[in-house]
Amino acid sequence: MDGPEGIIFMREAYAEALVAYRNGETPVGCVIERRGEIIARAANARAAKKNALYHAELIALNAACEYVGDWRLDECAMYVTVEPCPMCAGAIIQSRLPFVAYGAKNAKAGCAGSVLDLFAVPGFNHQPIVARGLMEAECGELMSMFFKGLRER
């Protein structure tokens, strides 16, 4: 859903990215929906948890699996403000998400087309449909503001 419904979910993911930004985290936010209802949401928490695994996507995937009661999320869709990294792309493939939408490209670690496209590897048993650039300007601007602030400190 990359049309009007998708924008509603991406706005919710953006709200999570703002939470991360206010907490001094890299501003990535994520929501997972099933049948039109948000079942999981998360903001990056690597700095707070002092753990590289606390990406917004992984936190949201964990919550969605708990909600659904299964590791397969084949009726769900993910909306994330920044293109998934290799770790998150792998988790998305493993959880069988059929659809992923992201906002800003990740030129240094993006694995949905920028650096690699793990979602298009024919050897994997699952390839989600990917919508690129949903609210790209807003998501990219938030990332730029965050890294500009880091450089100024």
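How many salt bridges does the count come to? Five. Keep in mind that this is a predicted model. The rule here asks for a Lys or Arg side-chain nitrogen within 4 Å of an Asp or Glu carboxyl oxygen.

**Stop one: Arg41 and Glu12.** Select both side chains. They meet in a salt bridge, 3.0 Å from N to O. Arg41 belongs to strand β2 (residues 37-43) and Glu12 to helix α1 (residues 4-22), so this contact ties together parts that are 29 residues apart in sequence. Now show the surface. Arg41 is partly exposed at 38% relative accessibility. Glu12 is partly exposed too, at 30%.

Keep Arg41 and Glu12 selected. With Glu16 they are linked in a network of salt bridges.

**Stop three: Arg132 and Asp117.** Select this pair next. Their side chains form a salt bridge of 3.2 Å, N to O. It links distant parts of the chain: Arg132 sits in strand β5 (residues 129-132), while Asp117 is in the loop between β4 (99-104) and β5, 15 residues apart.

**Stop four: Asp70 and Arg72.** Finish with this salt bridge. The closest N and O atoms lie 3.8 Å apart, which is within the 4 Å cut-off. Asp70 has a relative accessible area of 31% and is partly exposed. Arg72 is partly exposed at 38%.

Definitions and conventions
Residues numbered from 1 in each chain as written. Predicted model: local features only at pLDDT ≥ 70, side-chain atom pairs only at ≥ 80, totals over all residues. Heavy atoms only, no water. Helix = DSSP H or I, 4+ residues; strand = E, 2+ residues; numbered from the N terminus. Buried < 20%, exposed > 50% of the residue type's maximum accessible area, 1.4 Å probe, protein only.
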